[in-house]
Amino acid sequence: MDVIMEALPALGSAWGLILQPVVLGYLVLGVLMGLCIGVFPGLGGIAGLSLLLPFMFGMDPILGLALMIGMVAVVPTSDTFASVLMGIPGSSASQATVLDGFPMAKKGQAARALSAAFASSLFGGLVGASFLTVFILIARPIVLEFRTPELLMITIFGLSMVGILAGRIAIKGIVAAGLGMLIGTIGEGASSGDLRMSSYDFPYLTDGLKLVIVGLGIFAIPEIISLLRQDRAISAEPQIGGGWLEGVKDWFDNIWLSVRCSIIGVIVGVIPGLGGSVVDWIAYGHAVQTTKDKSSFGKGEVRGVIGPESSNNAKEGGGLVPTLLFGIPGSGSMAIFIGAIALLGSGQIEVGPAMLKNNLDITYSIVWLLALANVIGTIICIAASGGIAKLTTIRFALLAPFLFMIISFAAFQSGQNLMDLAALLGIGFLGIMMRRFDWSRPAFLIGFVLSNPAETYANQALQIAQSRFRKGFGEGIDYIFTPIVIILLVITVISVVVGLRQAKNILAEGDVQSGSKRAPFVFLLVVTGYIAYAFYDAASIPAFSRDRDFPMFVAGVSLLGCLALIVRMMLKPETDTIFADRELVGEDADATHGLWPTLAWFAALLGLTALLGFILALGLFLFSFMKLRARISAVYVLIYTGLGIAFMSTMAWLLNRDFPPGLLQEYTQLPWPFN
C-alpha cells in the first residue's frame, strides 16, 4: 500500500506532463515516423532511433521522450505490413507473423489479417504499459532472480518451439534448427576468440552473420522469387477480402489467446538480451499448442497472426523494465534509447535506480506515452489497412524490383560491407532450397537467433557450476536446480513432447507433394557435408578452449539426425513425405518462369553493384527488369527507374547511410549518391 501511495502523485504529475498539446504533437510525429520506418523491411527501431539521435541533444526531456517513444512503440505494429503483404519479415519481431499472415494475403484476406494483427498489437501494447505501471517499483527483485541457469533455461525453452515448427518429419526440423545454430556460431567465439568456420584471410565472416541478413535471406528471397516466377499478383483472389471489422472480430473471438501471448511478451521482454527475435516464436508455438485443429496453421490461420502480434508489442513494455530500472538495454533499440536519454536537456536524466528516485514522474510519463503511442499508431494502421492491402492485387513483377532494392539496402546497413549482399544471396538460396524440399525455415531461424545466447549462457553456467561443485555437491545442485529452473524445465519438457506429437499436423512449408528421390537426397547430402565439416572445424580448435564445445555438441546431434534421414531415404519409396519437392508438383512446378533465370536477376544486381556501385547498378537493374521482364512501355520504365533511385537516395539521406560502393568508386571521383 505504501508503494501505491508513493506512486500516485508521480502518476498525476506524469499525466499533467503528457497531456500538453505540444507533447501530444511530438508523440504523433514520432508515431508517423515509426510507421514509415516500420513499413520498410529490415530497418526497424534501431534505424529509426539512430535517425533521431542528432536531434536529441539539448531537447526538452518530455518532448524528446514523446518523439522517441512514439517511434519505438509503433515499429512492431507497422512492420506487420511487410510480413503480411509481401511475406517479408518487417523486423525480427514479425518473423512468425509471416507463417500465416502471408497465406491469408494470398487468399485475398490481407485486410482481415492486417486488422487482426493491429488489434492484437494494440492490446499487447496496452498490456505491456499496464504491466510497467504496476511493476515499475516492485519488479527489481523479480528480475534479479534470473541468473545464468534461469537465462539458459529460457533460451532452451525458446528452442523447444522447434518441436512445434518441425513439420511433418520432426527430425528434419531438428536438423534445420541445428544447421541454424551452426551458422549462428560462425566467427570468433565469445569465450576465447577462436575462429569457427571462418578465417582472418577472409575477414567478413569473423564477425559472424547478422540477423537482418539471415532473416531477409531465409524468408524474403524465397517468397519474392516464387511469386516472381508465377508472374501474377500476390493474392490469387481479385479482391482483398473482408475489411478491418472482420479482423477485429477475429481478435475479440480469440481474446484469451491474446491475453496469454501478451503476458508471454511481457515476461520475455523483461529478460535482457532475448527480446523480439524470440518472443514471437514462443507465442506462435503457444497458439498452435492451444488450438484443437492444428491443420490450418501455415495455411492462413488467423490465430497464427494474433498470437505473435499480441506478444511483440507487449514485449516493448516488458523491455523497458530492465532499461529503466537497471540501465540494462533489453534490445538493440533500447541501447540507443538509453544513449538518447543522456542527451536530453542538460543531461539530468539517468536511467536506473536514480531515475526511479529522482524522476518518477518522467518514468511514468514514458509508460503512458507508450500506451498512447500504441493507440494512435493502431488507429492509423487500421484506417489505412484496406488501402495498403490493395498492393496484393498489383502484378508482382511491378513490385519485385523495389523489394529487391529495399532488402539489399537494408542488408548492407547491417555491416556496411559489399559482402553483406553476397551473404544475402547465399542465405536466400539456402532458403529457396529449404522451402523447395520442405525443411522448416522457422526452425532454422530459431536455431540461428538462439545460438549466441545458448552458447554464452551454457558456458557461463558450466563454469560457475564446476566451481560450486568443487566446494560441495549440494552447493552445485542448489545452483543448477533453482525453483525457477525446475519450473522452466518441466514446461520445456512438456512443450517438446506435445510439440513432437503434434508436428505431423503442422505444415511448416505448406502442403508440399512428394516427388523423385534424387534432388531431396542430394540436398540432404549437402547439408550433412556442411554439418560434418563444421564438426571437424570445431574439433580442430585446441581442447582447452570452450569455443569448441558448443558447435561440436550441436553438430554431433545434427549429424545423428542426418544419418537417420539418410537411412529413411534409402528405405522408403519416393512417395514418402521425406521426398517432398515443390518443383515437381504445385505452383512452383507450374510457374511461368524458371528458378535460375529469375534468381539471376538478383545476382545481376549484386554483380553490377560490385562493379559500378549501388545507385548506378540499381538504375540499370530497374530499367532492364521493367523493360525485359515486366514488359511495360519505355515511358513507364523511365518513371519507375527515376522513382526508385529518388526513393533510395532520399532514404539514405534521411538515415545518413552510405550505399554499397563498387570498383568504379575506387578509380573515379563521382558526386553523391553515385560515390
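## Surface and overall composition

The accessible surface of the protein chain is about 25,800 Å², and carbon and sulfur atoms hold 68% of that area. The model is predicted. Of the chain's 675 residues, 58% count as buried.

The secondary structure of the protein chain consists of 30 helices and two strands.

## Cysteines

A search for disulfides across the whole structure returns zero. A disulfide is a covalent bond between the sulfur atoms of two cysteines.

Cys261 has a relative accessibility of 0%, so it counts as buried, the cut-off being under 20%. Cys562 is buried as well, with a relative accessible area of 0%.

## Packing of H27 and H28

Two packed helices are described by the angle between their axes and the distance between the axes. For helix H27 (residues 595-612) and helix H28 (residues 614-629), the angle is about 150° and the axes are 7 Å apart. Because angles over 145 degrees count as roughly antiparallel, H27 is roughly antiparallel to H28. The crossing of H27 and H28 is right-handed.

On the H27 side, the contact is made by Thr598, Trp601, Leu605, Leu608, Thr609 and Leu612. H28 contributes residues including Phe614, Leu616, Ala617, Leu618, Leu620 and Phe621. Further along H28, Ser624, Phe625, Leu628 and Arg629 also take part in this contact.

Trp251 is part of helix H13, which covers residues 244-253. With a relative accessible area of 14%, Trp251 falls under the 20% cut-off and is therefore buried.

Leaving aside residues up to four places away in sequence, Trp251 touches Ala116, Ala119, Ser120, Phe123, Ser258 and Ile306. One of these partners, Phe123, is 128 residues from Trp251 along the chain, and the C-alpha atoms of the two are separated by 9.6 Å.

Helix H21 (residues 419-436) contains Gly428. The relative accessible area of Gly428 is 0%, so this glycine is buried.

When residues up to four places away in sequence are not counted, Gly428 touches Gly217, Ile221 and Pro222. The C-alpha atom of Gly428 is separated by 8.0 Å from that of Val214, a residue 214 positions away along the chain.

Conventions: Residues are numbered from 1 along each chain as its sequence is written. This is a predicted model: local features need pLDDT of at least 70, side-chain atom pairs count only at pLDDT 80 or more; totals for chains, interfaces and linings use all residues. Side-chain values use heavy atoms; hydrogens and water are left out. Helices (H or I, at least four residues) and strands (E, at least two) are DSSP runs, numbered from the N terminus. Buried means under 20% relative accessible area, exposed over 50%, partly exposed in between (1.4 Å probe, protein chains only). Accessible areas come from the Shrake-Rupley method with a 1.4 Å probe; for residues, only the protein chains shown count as cover. A disulfide is a pair of cysteine sulfur atoms within 2.5 Å. Axes are lines fitted to C-alpha atoms, for helices over the stretch in contact, and angles run from 0 to 180 degrees between N-to-C directions. Angles under 35 degrees count as roughly parallel, over 145 as roughly antiparallel, 65 to 115 as roughly perpendicular and the rest as oblique. A crossing is left-handed if the near helix is turned anticlockwise from the far one by less than a right angle, and right-handed if clockwise. Contact means heavy atoms within 4.5 Å.
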